[in-house]
Amino acid sequence: MMEIVTVVCARDTVDIILQAHSIDTFISSETTHHVVVEDDTMTLGEWENILQPHYTRHKLNLIKANPREDMIFNHISPLGHRRVGYLKLETVAKCATDEVLVLDGKNIFIRPTTLDEWAKLGISHGNGRTHNVSDIVYREDKRGAGSVPLAWVKYVHSQFANCEFPKRFPIPLETPYIMNSDIVRSIVARPEYTRQLFLQDTIMPFTELHLYFCFVPDSELGEYVDKVCPAITRASKPDNQDWVEFIQKEIKRAEGMNSPTHGLHRKPRVDMGPSARHIYKEWLLDRGLENRFVKDYVYFDMPDKTW
């Protein structure tokens with residue numbers, strides 16, 4: 001068995017409802033889904049009323065996170081993103097299973113699957129997609145501050161004693177991904193680990209998975225595997241490609257690799273237009289997901305535009 005972890009806030013409501021519905025619809029092996037509520041907009045009772053009806057075969061474990069810190073940062077990385085990093089690690093560390101599947105709210109299952117499928121695909125850490133550090137030059141970020149993932153890993157490496165610099169990094173858009181709970185427990189138990197790693201303003205924190213890779217032996221990573229689709233982000237589509245053409249191509253790609261998951265970040269849902277939205281909605285319905293949850297997800301236009 002493998003447990004699942006998702007960290008959410010109130011603006012993720014339509015996302016986590018569809019995710020919960022997709023877990024109930026498609027995952028046959030019994031599991032516990034730990035849903036960590038990051039903000040204070042709704043009570044746990046309200047979350048329980050929203051989500052519990054979707055757990056007919058699996059267990060829902062709702063967790064209220066610690067109160068939000070009162071902090072402002074110079075580096076471009078909002079407080080919620082930083083909190084998600086340490087909340088994922090600390091929740092995985094408390095899980096009972098050896099491996100934990102970590103999701104973001106936008107990740108949805110799109111076909112029947114069992115949670116041992118990641119191992120069968122040869123994925124024991126992360127999502128199977130990695131870069132060899134020695135083989136690539138990381139893209140500069142738009143502020144000219146150098147590679148954000150590389151700078152973050154260098155910072156993590158400088159903070160932990162006896163920490164090997166990783167030979168491979170996960171690529172961005174990581175979720176869904178696998179974490180080994182023993183490794184995560186060993187990280188959060190170290191005296192160097194504090195939430196301040198994510199809340200400092202020395203350098204922009206990238207992701208908790210990049211931190212995790214600093215403690216995974218390279219021999220355990222296996223070969224590059226591209227069999228699990230993350231959610232589409234605004235950076236996924238080439239600038240010169242039409243949204244309809246791009247969505248059709250991405251659907252064909254997901255079906256070709258038989259990915260168990262897919263999804264959309266919020267910005268593409270706004271940008272893709274009615275025709276591409278309709279194509280994506282119909283595809284999810286054809287996969288077996290229920291219309292009302294799919295429509296709320298695909299046609300969601302978040303009032304807060306701080307993407």
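Predicted model: local features only at pLDDT ≥ 70, side-chain atom pairs only at ≥ 80, totals over all residues.
Student: How many residues of strand β2 are buried?

Tutor: Strands (E, at least two residues) and helices (H or I, at least four) are DSSP runs numbered from the N terminus. Buried means under 20% relative accessible area, exposed over 50%, and partly exposed in between, with a 1.4 Å probe and protein chains only. Strand β2 covers residues 32-37 and is mostly covered; the number buried is 6 of 6.

Student: Which residues of β2 point the other way from Thr-32, His-34 and Val-36?

Tutor: In a regular strand the side chains alternate between the two faces of the sheet. In β2, Thr-32, His-34 and Val-36 point one way and are buried. Also buried, but pointing the other way, are His-33, Val-35 and Val-37.

Student: Which residue of β3 stands opposite Val-35?

Tutor: Two strands pair if DSSP finds at least two bridges between them. β2 runs parallel to strand β3 (residues 59-64), with 6 bridges joining them. β2 also runs parallel to strand β1 (residues 3-8), through 5 bridges. In β3, the residue opposite Val-35 is Leu-62.

Student: Which helix does the chain pass through between β2 and β3?

Tutor: A crossover is right-handed if, with the strands pointing away from the viewer, the path from the first strand over the helix to the second runs clockwise. β1, helix α1 (residues 13-26) and β2 form a right-handed β-α-β unit. The crossover from β2 to β3 is also right-handed, and its helix is α2 (residues 44-51).

Student: Which residue of β8 stands opposite Glu-99?

Tutor: Strand β4 (residues 99-103) pairs with β1 in the parallel sense over 4 bridges, with Thr-6 and Leu-103 as bridge partners. β4 pairs with strand β8 (residues 177-180) in the antiparallel sense, over 4 bridges. In β8, the residue opposite Glu-99 is Asn-180.

Student: How many residues make up the largest nonpolar core?

Tutor: A nonpolar core is a set of buried Ala, Val, Leu, Ile, Met, Phe, Trp, Tyr and Cys residues joined through side-chain atoms within 4.5 Å. In the largest one, Leu-51, Leu-101, Ile-247, Tyr-280 and Leu-284 touch the most other members. A second, separate core of 44 residues includes Val-92 and Met-179. The largest core has 48 residues.

Student: What is the angle between the planes of Trp-152 and Phe-198?

Tutor: Rings of Phe, Tyr and Trp (its six-membered ring) pair if their centres lie within 6.5 Å; planes under 30 degrees apart count as stacked, over 60 as edge-to-face and the rest as tilted. The search of the whole structure finds 7 such pairs. Trp-152 and Phe-198 form a tilted pair, 5.5 Å centre to centre, with an angle of 50°.

How values were computed. Residues numbered from 1 in each chain as written. Heavy atoms only, no water.
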